[in-house]
Amino acid sequence: MKYIFGNWKMYLTVEQSIKLAQELVQSVSSHQDFQYAIFPNTLVFSRVYELLKDSSIGIGAQHVAGFPMGAYTGETSPFMFKEMGAQYALIGHSERRHIFGETNEDVRKKIEMCIEAKLVPVVCIGETQEDRAQNKTQYRLKKQLMKALENLSLNGSRLVIAYEPVWAIGSGMPCLPEDADDVIGWIKQEVSQYIHGPIPVLYGGSVSPENVLSYVSHADIDGVLIGGASAKFDAFMEIISQLKKSL
Ligand code: PGA
């Protein structure tokens, strides 16, 4: 089973989000080999949920607070997302880390809060271009994983990891599939120090209809987290049709 997750970021207006959700519901049929989920903007979350709820497409939050409830102006509790039908939450996306200054400690708090709220955390990790140039990819990922997972009790909850090299996100310069496969194999070994049992690891960063198959055809790569191409109906449908061809 491969995860096909779409992060709409802040690409779409309210009306465009609703239209895209309507189009997807009409066009995406359930498939035993694929687990689909969309991460719409918080403001349109419930309207998109109402459209997707009886379909084969799951839904998750793009951004949650690291607190259950309280005086946190502008934030949204993972418990509220759960009440509104969310199954997943993106945690530690590179844009949250690099534009909004989220730290490994914030990421850890949010993971714990999601587990409590019974949302599946989709924990994003990745090295920067600078890390890569200095041969620090493993160092960076090791640190992010350790802070996120050391002594974490999952309490039977699921967890997903997305390997998203920062330099590959939105740049049109995807990581070579062989390199992504190597890193993901290594990530799985690292994760096994902290968590028993298989944890799915997805690849994200400039995934497109042209390259999606080259990632998911690797056994270790459990799926893809798609940004830009997931916010366009034609591109997302083409990704799904490419995936189906591979079966
Ligand atoms: P991209 O974004 O597919 O537009 O590179 C991926 C992501 O940010 O998850």
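The second largest pocket holds about 150 Å³ of space. Of the 15 residues that line this second largest pocket, Lys9, Gly170, Ser206, Gly227 and Gly228 are the closest to its centre. By class, its lining has five nonpolar, eight polar and two charged residues, where Ala, Val, Leu, Ile, Met, Phe, Trp, Tyr, Cys and Pro count as nonpolar, Asp, Glu, Lys and Arg as charged, and the others, Gly among them, as polar. A pocket is here an open set of points on a 1 Å grid over the protein atoms alone, with protein on both sides within 12 Å along at least five of seven lines, whereas a cavity is a set of points where a 1.4 Å probe fits but cannot get out; lining residues have an atom within 4 Å of a point. Grid points are joined across faces, edges and corners, and a volume is the space filled by probe spheres set on the points.

The model is predicted, with local features needing pLDDT of at least 70 and side-chain atom pairs counting only at pLDDT 80 or more, while totals for chains, interfaces and linings use all residues. Residues are numbered from 1 along each chain as its sequence is written, and side-chain values use heavy atoms, with hydrogens and water left out.

The ligand takes up the space of the second largest pocket, a molecule being placed in a pocket or cavity if more than half of its atoms lie within 2 Å of its grid points. Of the 14 residues around the ligand, Lys9, His93, Glu164, Gly170 and Ser206 come nearest, with a residue counted as near if one of its heavy atoms lies within 4 Å. This shell divides into five nonpolar, seven polar and two charged residues.

| Residue | Protein atom | Distance to an oxygen atom of the ligand |
|---|---|---|
| Lys9 | N or O atom in the side chain | 2.7 Å |
| Glu164 | polar side-chain atom | 2.6 Å |
| Gly227 | polar backbone atom | 2.8 Å |

Taken alone, the ligand exposes 280 Å², of which the protein buries 96%, the areas coming from the Shrake-Rupley method with a 1.4 Å probe.

The largest pocket holds about 350 Å³ of space. Among the 15 residues that line the largest pocket, Lys9, Met10, Gln62, Arg96 and Phe100 are the closest to its centre, and the lining comprises three nonpolar, eight polar and four charged residues.

The largest cavity has a volume of about 60 Å³, and its lining includes His93, Cys124, Gln144 and Glu164. Helix H4 (94-98) and strand E5 (120-125) are the elements that give two or more residues to this lining, helices (at least four residues) and strands (at least two) being DSSP runs numbered from the N terminus. The largest share of the lining, three residues, comes from H4.

The second largest cavity holds about 30 Å³, and among the residues lining it are Gln62, His63, Arg96, Glu102 and Lys110. Its lining divides into three nonpolar, three polar and three charged residues.

Technical notes:
Polar contact = N/O pair within 3.5 Å; in protein donor to acceptor, adjacent residues only side chain to side chain.
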